[in-house]
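Biologist: Thanks for sitting down with me. Could we go through the wording used for this model, term by term?

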Amino acid sequence: MAINEKTIRLHNDVTIPSIGYRTDFKTFGNMYQNVMTALKAGIRHIDIACDPDVEKAVGKAIADSGIPRSDLFLTFKLDNEDHGYDRAVRAVENSMKRAGTDYCDLVLIDWPNPLKYRSTYEKTAIETWKALETLYKSGKARAIGVANFESRHIEFCLEHCEISPIVNQARIYPGFPFDDNLHCAHEHAIQTEGFLPPEYKDILASREVGILAEKYHLSPWQLIMRYQLEKNTIALTQAPEEELRNLDAVFNVSISKDDMLFMDHMKNYGVENIDPDTCDF
């Protein structure tokens, strides 16, 4: 079975590949080449950072790859500047144009409570979600969801939505299982996507991850993806080219319950939890 054929069915009956390639303009220089490499490796799920240059690079890579749009799963995100109903609808439409597509497979609100709109959080949050519901009803978005939300933000959205979030994207990795967020989403049939924070080098290089990666005959990147999959999340990876050549290895092992528990409680080598309601972002 090819990597892109390993899928999860969302609560609105849309299927999503269980491994995706996460673009991050802060981490990589040649985004076009990174996306081309991921596509050549068999990945068909591209998580697109909310940045015009990244969206254009992804669009060019897709066009040059020759892969039919219908074979791809593209996720777009709403930037902190573009909350509120009108701005959100317009921003997503502009993102699609830059990427050369007329629909999104998934649209996410990237941050629940941006500093710019913090004084009107409740009103703006409701308007922003209504914008995503409009995109969903019109067919411009096949699924809608949230990212970096704490459980309280998920619950607030559920209290005011007509269509509940379908996907929740969150930092989930060894040392940071984010159980409160993960369990809240699971209770409401919201599919979680797990990703590493931008400062991930210390996580990959940690002694604990190294020992377990060797035990399961995986690379540190592969171990973390397997950890995310074991937690029933979609694994979003930023692995380099040499790692992407053998992603099938991630599906050929299972991590024991004891080792999963150990990774849940090991030291967090990434950033500490960031409060979306108080941080300067």
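Biologist: What makes helix 1 largely enclosed by the rest of the structure?

Modeller: Seven of the 10 residues of helix 1 are buried, so helix 1 counts as largely enclosed by the rest of the structure. Buried means under 20% relative accessible area, with over 50% called exposed and partly exposed in between, using a 1.4 Å probe and protein chains only. Helices (H or I, at least four residues) and strands (E, at least two) are DSSP runs, numbered from the N terminus. A word on the source: this is a predicted model, where local features need pLDDT of at least 70, side-chain atom pairs count only at pLDDT 80 or more, and totals for chains, interfaces and linings use all residues. Residues are numbered from 1 along each chain as its sequence is written, and side-chain values use heavy atoms, with hydrogens and water left out.

Biologist: Which residues of helix 1 are buried, and what do they pack against?

Modeller: They are Met31, Asn34, Val35, Met36, Thr37, Ala38 and Leu39. Their partners are strand 3, strand 4 (45-47), helix 2 and helix 10 (241-244), where contact means heavy atoms within 4.5 Å.

Biologist: Why is helix 2 described as oblique to helix 3?

Modeller: The axes of helix 2 (residues 52-65) and helix 3 (residues 85-99) come within 7 Å and cross at roughly 40 degrees. That makes the pair oblique, because angles under 35 degrees count as roughly parallel, over 145 as roughly antiparallel, 65 to 115 as roughly perpendicular and the rest as oblique. Axes are lines fitted to C-alpha atoms, for helices over the stretch in contact, and angles run from 0 to 180 degrees between N-to-C directions.

Biologist: Which residues meet there?

Modeller: Pro52, Glu55, Lys56 and Gly59 in helix 2 meet Ser95, Arg98 and Ala99 in helix 3.

Biologist: Which helix gives the largest share of the lining of the largest cavity?

Modeller: Helix 4 does, with five residues. The lining has 14 residues, and Ala125, Ile126, Trp129, Phe149 and Cys157 lie nearest the centre of the cavity. On a 1 Å grid over the protein atoms alone, a cavity is a set of points where a 1.4 Å probe fits but cannot get out, and lining residues have an atom within 4 Å of a point.

Key:
On a 1 Å grid over the protein atoms alone, a cavity is a set of points where a 1.4 Å probe fits but cannot get out, and a pocket is an open set with protein on both sides within 12 Å along at least five of seven lines; lining residues have an atom within 4 Å of a point.
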